[in-house]
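Please look through the sequence and the structure below before reading on. The text that follows is meant to be read beside them.

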Amino acid sequence: MSATQILLLIGAYFLVLILISFITGKNDSNADFFKAGKQSPWFVVAFGMVGASLSGVTFISVPGWVEDSQFTYMQVVLGYLVGYFVVAFVLLPLYYRLNLTSIYEYLLERFGTVSHKTGAFFFFISRVLGAAFRLYLVAIVLQQFVFDDLGIRFEFTVVISILLIWIYTNKGGIKTIVWTDTLQTLFMIVAVVLSIVFINQELGWSFGEFLASDELKDYNGFLVTESFLDRSYFIKSFVGGMFVTICMTGLDQDMMQKNLTCKSLKDAQKNMVSFSFVLVGVTFLFMLLGALLFIYAKRNGIGIPLMDGTPKTDLLFPEIALNSGLGLALSITFMLGLIAAAYSSADSALTSLTTSFCVDFLNVQQKDDAEQKKIRKRTHVGMSLMLILVIIAFKYILSSNVIDSLLTVAGYTYGPLLGLFAFGILTRHKIHDGYVWVVALLSVCVIVLIANIPSSYLGGYQVGYELLPLNGLLTFFGLWLIKKKEKFNTVQ
């Protein structure tokens, strides 16, 4: 597939998104931008959230990770499933009862201003890094397989990517995204299914023959139960995955903002439960695709693509889809899936960052309607510029697999949010609000130190995704130390 064909495909795709934006963004109000008027059908939100949760990271990085991790990532995914039930039946009732626009307003009511700002700040850092990880991945693919041939610099690729998102989210915000995410999820799932079908056909297999093949058995290691010291030990991965979901979905304005557009709590819970099972199944398909890619590459002598002289397994899927002669159909399928997966996550991230900054830091709801809209639009531009700078920086500092990097960073940045919300929900204690930022900062510093202790100093123990719940526990303990004698007068 030529660079020109890819550009035409991308152009057509974004014309469709802009058309959806035109239809859903006619009102251009803050109420629609932040909450979609609380009229979103739950099943539409549920389906769209699959794409937003998976993103370009899953589409490319999870298949590329299979060589090193085999199917052990599914241990984390099963933990996700349990976490989604906690979100549905513990956190969503709280958010709906308080009728929140930003979920961090809960911390304002429960503890005070400093807690509110601290929680919003850690979300802000988490989501900026998370969105940048996802967009960085699609940007390097577009750069390597499209824009390098046209002599266009990586920085320009990033600017164009963010500009396109800004164009179709500028007016409708979350109301637009609920519908564009549905379309993008459909493209992504169709892409992974057709990719499996096309590659199997090239290998002369049916899907059943692929599942029964000896070559798949080289990649399908699932449970790691030999040693608790192992970084991927089942219990550590499962518990870590559960808390990743609680934090990166339930305590994340990006994901919760979609849920809060549903008409009622019951609808939001149906959305969350149904979405969680679909997500597990789709992620398993990505793992199968990853194994298939490595089998195909070995059979055909395809090496791991290089980026700046370094092998990048994240680029294996695009290399096979675009450059291995499997046909135009697979190339089109891959590009549509990649673009859909990347932007279904990134567009909602930009909107949620705008929402959180306006509500949690600029107190936009205290302004008149005209001023609210001006603030929202300026903030939307500012968030776009910030994402551009962070993504460009990643090109020069990021070296590991993107999905692993994303989950590692989550262990640092979401821990204080976990501790704050857990303390607010599980206890009735008030706290000395002014010290909360100190507790959160110290907790992160301790976790960073623990993460960098050589395993030889810990008797061979390898620290993994359990850093996130440990971070939350440290924050919880710190809040206990600064609690007041009087109790909060409403059981949360």
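This is a predicted model: local features need pLDDT of at least 70, side-chain atom pairs count only at pLDDT 80 or more; totals for chains, interfaces and linings use all residues.

Residues are numbered from 1 along each chain as its sequence is written, and side-chain values use heavy atoms, with hydrogens and water left out.

A nonpolar core is here a set of buried Ala, Val, Leu, Ile, Met, Phe, Trp, Tyr and Cys residues joined through side-chain atoms within 4.5 Å. Buried means under 20% relative accessible area, exposed means over 50%, and partly exposed lies in between (1.4 Å probe, protein chains only). The largest nonpolar core has 148 residues, of which Phe59, Tyr95, Ile199, Met272, Phe334 and Met335 touch the most other members. The element that gives the most to this core is helix α6 (residues 113-147), with 19 residues. Helices (H or I, at least four residues) and strands (E, at least two) are DSSP runs, numbered from the N terminus. A second, separate core has six residues, among them Phe33, Phe34, Cys358 and Val359.

Contact means heavy atoms within 4.5 Å. Beyond its neighbours within four places in sequence, Met272 is in contact with Met49, Tyr84, Val87, Ala88, Leu92, Thr249, Met256 and Asn259.

Helix α11 (residues 234-250) has 17 residues and reaches 23 Å from its first C-alpha to its last, close to the expected 24 Å. The expected span of a helix is 1.5 Å times one less than its number of residues.

Helix α18 (residues 415-426) has 12 residues and an end-to-end C-alpha distance of 16 Å, close to the 16 Å expected. Because 10 of its 12 residues are buried, α18 is largely enclosed by the rest of the structure. Its buried residues include Leu417, Leu418, Phe421 and Phe423.

Helices α19 (residues 436-451) and α20 (residues 467-481) form a pair whose axes come within 9 Å and cross at roughly 145°. Axes are lines fitted to C-alpha atoms, for helices over the stretch in contact, and angles run from 0 to 180 degrees between N-to-C directions. At this crossing, residues of α19 such as Val439, Val446 and Ile450 are among those that meet a set in α20 including Leu470, Leu474 and Gly478. By class, the contact has 11 nonpolar, four polar and no charged residues. Ala, Val, Leu, Ile, Met, Phe, Trp, Tyr, Cys and Pro count as nonpolar, Asp, Glu, Lys and Arg as charged, and the others, Gly among them, as polar. The end C-alpha atoms of α20 are 21 Å apart, which agrees with the 21 Å that its 15 residues should span. Among the buried residues of α20 are Leu467, Pro469 and Thr475.

Some single residues remain. Phe43, in helix α3 (residues 42-69), is exposed, with a relative accessible area of 52%. Phe43 and Phe361 are 318 residues apart in sequence and 32 Å apart in space, C-alpha to C-alpha. Asn99, in the loop between α4 (73-98) and α5 (105-110), has a positive phi near 50° without being a glycine. Asn363 also has a positive phi, of about 50°, and is not a glycine. Asn363 lies in the loop between α15 (328-361) and α16 (369-397) and is partly exposed, with a relative accessible area of 31%.
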